[in-house]
Amino acid sequence: MVTEDFSTRATTVMSQKTDIDKVLDLFTEPLSADMHDRHAIAIDRLCRNNSNGFAIRDLPSVQQVLELSLALARDGKEEFIGPVCRLFGILSMPFQRRTSTDEYKMLSNITELLSCIGGVFTTDTPTSIQLIATEMLREFATANGRRPVMNSPSETPPEAMPFARQYHTNQGSISRSSLVPSLVTGIRSTLYDCHDEIIRCLVLLTLDISYTKENCDQLVDSGLLYLFPKLFETDACQPIMLEIVNLLWNVLENMSGEINLTEVPQGIQPSAGDAEKCSPLAVQLAHVLMPLWSTLLNTGYRSDDKELRNEVLIIMSLLAKDEIFQVALHEQGFVSLGLEALRCGLGEGGAFKSMAVTSPDLNFELTCLLCTAITDICQHDECLKEALDGGLLHLLLLPLRDSQICSTSPWNADQQAWILRQALHCLSSLVPRCGKSFIELGGVEMVVRFIEETEDEGLLLIAISIVHMSAQSDQHLGKAFGDANVMKALMETYGGSTVCDEARAGAALAMAAICTGE
């Protein structure tokens, strides 16, 4: 939340402070403690007198007024709902400062206020107050809608630095408060109370705070990951689904350490007779993500559907590091469906009308993502066997076989080059594990010819690495490369005057591996 200069309001500071003291006196003095109508009027007057926002140094007193008002609103005093909402409306404005250092000297005033507001989501607070509280916190989390595109301050353009600095200061205040655990508690309780409007607001707020490592670590520690299977029960056509996917993506990318998907979620109430809810988190996520992706792949015709389809695939790739998730996704039929979609994306046929005409960029993105996702899933031997039987190697060799730019391809020259790069990366991971199939498909000769013909040093390095790793891991595969005259191609690379040093070194290592194997 961007703070503003307080000097223009210096003449009214004392009177406003007095107003806050008067409000507190009304709540605490025995003679006026029960005069709730006067309390409400006093809060309204306080909001009017601070229409540009509260001063940072006054926040402790404002917090006391807020706590007293919330307690009465929770106790059924409906006349306080309006004043409390107006109080949150003023809190959503930039906090005022009298000096340039107020925000840093009195940072605890802000963090304690945020902790107080977090209690709105952990107690039986009226819905309207919870909604306005999420709006206020979203304004604070995004520095009043000025979240920088680049998450690192060092990558932010100079003209955006003041807003970026304020954004990161606000995110730091959130991480130092107890707001994050309160949000997760609020999501958990509203999920089972079916408060759809509150759930959406809480998800949006949680998404706004999920762009920093510190907040994501707190979200994980508070058990947010275990709530995603329930969150993904939302209809795929609902706008909130994209926010849920983005939230999970942020958490997986920004959290510290490795995610533990083997635990059975604790504190989550399964439906009666639903044994699946007692499965490890990896299984639960696979069982909700795969049907969602399948639905979007088969019936997602809108651009929003295709964007969501691709992001779900990214999520599954990130989770595929876990072996339990790999097996669960395989059991859900991911490999066969993924191969069919990849076949369609590479122009080898396929039955997905949603990929036929519109959104070529999104369909291109899907094709690249599928190469990587299927390869990641194939770390498990059963998945690899099914993928090989389904023609994965044949599909990955197609860009290599047709490495020259094809005018009839649905992709432009840059896109075709990128698909070729993705295919080579995937082959470098798979070939050492399936040498026999690779030889039978003529992959050895294709790689050797590619090394001889390519002028792209980046692609050349990947192709040489395929030879190197193949020769190291499989003697027969190394011999097959030798028989295909790869040594000549590697020698030409090593002696080429225009070849980079990295390619020379790679060629030398590959030749050594082949000679050692023989």
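**Whole chain.** Colour by secondary structure first. The protein chain holds 27 helices and two strands. This is a predicted model. Of the 518 residues in the protein chain, 53% are buried. Now turn to contacts between residues at least 6 apart in sequence: 74% of them join residues at least 24 apart.

**Confidence.** The average for the protein chain is 85, and 87% of the residues score at least 70. Select residues 6-17, where pLDDT stays under 50. The model has 16 contacts beyond four places in sequence for this stretch. Then select residues 269-275, where pLDDT also stays under 50. Here the model has three contacts beyond four places in sequence. Where pLDDT is low, the predicted coordinates should not be read in detail.

**The core.** Which residues touch the most other members of the largest nonpolar core? Select Trp293 and Phe481; the core they belong to has 169 residues. Helix α14, residues 281-299, gives the most to this core, with twelve residues. Zoom in on Trp293. Beyond its neighbours within four places in sequence, Trp293 is in contact with Arg309, Val312, Leu313, Met316, Phe334, Leu337, Gly338, Leu366 and Leu370.

**Helix α18.** Select residues 360-377. This helix has 18 residues and reaches 25 Å from its first C-alpha to its last, close to the 26 Å expected. Of the 18 residues of α18, 13 are buried, so the helix is largely enclosed by the rest of the structure. Stay in α18 and pick Thr367. Is Thr367 buried or exposed? It is buried, with a relative accessible area of 0%. Show what surrounds Thr367: leaving out residues up to four places away in sequence, it touches Leu342, Gly345, Leu346, Trp411 and Ile419.

**Helix α6.** Move to residues 107-118. Helix α6 has twelve residues and spans 17 Å from first C-alpha to last, close to the 16 Å expected. Nine of its twelve residues are buried, so α6 is largely enclosed by the rest of the structure. Show side chains for the buried residues of α6, among them Leu107, Ile110, Leu113, Leu114 and Ile117. Asn109 and Thr111 are also buried residues of α6.

**Tyr192.** Next, find helix α9, residues 179-193, and pick Tyr192 within it. Tyr192 has 24% relative accessibility, so it counts as partly exposed. Draw a distance from Tyr192 to Lys230. The two lie 9.0 Å apart, C-alpha to C-alpha, and 38 residues apart in sequence.

**Aromatic pairs.** How many aromatic pairs are there? The count comes to five. Start with Phe228 and Phe232, a tilted pair: 6.0 Å centre to centre, 35° between the planes. Phe228 counts as buried at 0% relative accessibility. Phe232 counts as buried at 5%.

Finish with Phe438 and Phe481. This aromatic pair is tilted too, at 6.5 Å centre to centre and 40° between the planes. What does the pair tie together? Phe438 lies in helix α22, residues 435-440, and Phe481 in helix α25, residues 475-483, so the pair ties together parts that are 43 residues apart in sequence. Phe438 is buried, at 0% relative accessibility. Phe481 is buried as well, at 0%.

Note on methods
Residues are numbered from 1 along each chain as its sequence is written. This is a predicted model: local features need pLDDT of at least 70, side-chain atom pairs count only at pLDDT 80 or more; totals for chains, interfaces and linings use all residues. Side-chain values use heavy atoms; hydrogens and water are left out. Helices (H or I, at least four residues) and strands (E, at least two) are DSSP runs, numbered from the N terminus. The expected span of a helix is 1.5 Å times one less than its number of residues. Buried means under 20% relative accessible area, exposed over 50%, partly exposed in between (1.4 Å probe, protein chains only). Contact means heavy atoms within 4.5 Å. A nonpolar core is a set of buried Ala, Val, Leu, Ile, Met, Phe, Trp, Tyr and Cys residues joined through side-chain atoms within 4.5 Å. pLDDT is the predictor's confidence in each residue, from 0 to 100. Rings of Phe, Tyr and Trp (its six-membered ring) pair if their centres lie within 6.5 Å; planes under 30 degrees apart count as stacked, over 60 as edge-to-face and the rest as tilted.
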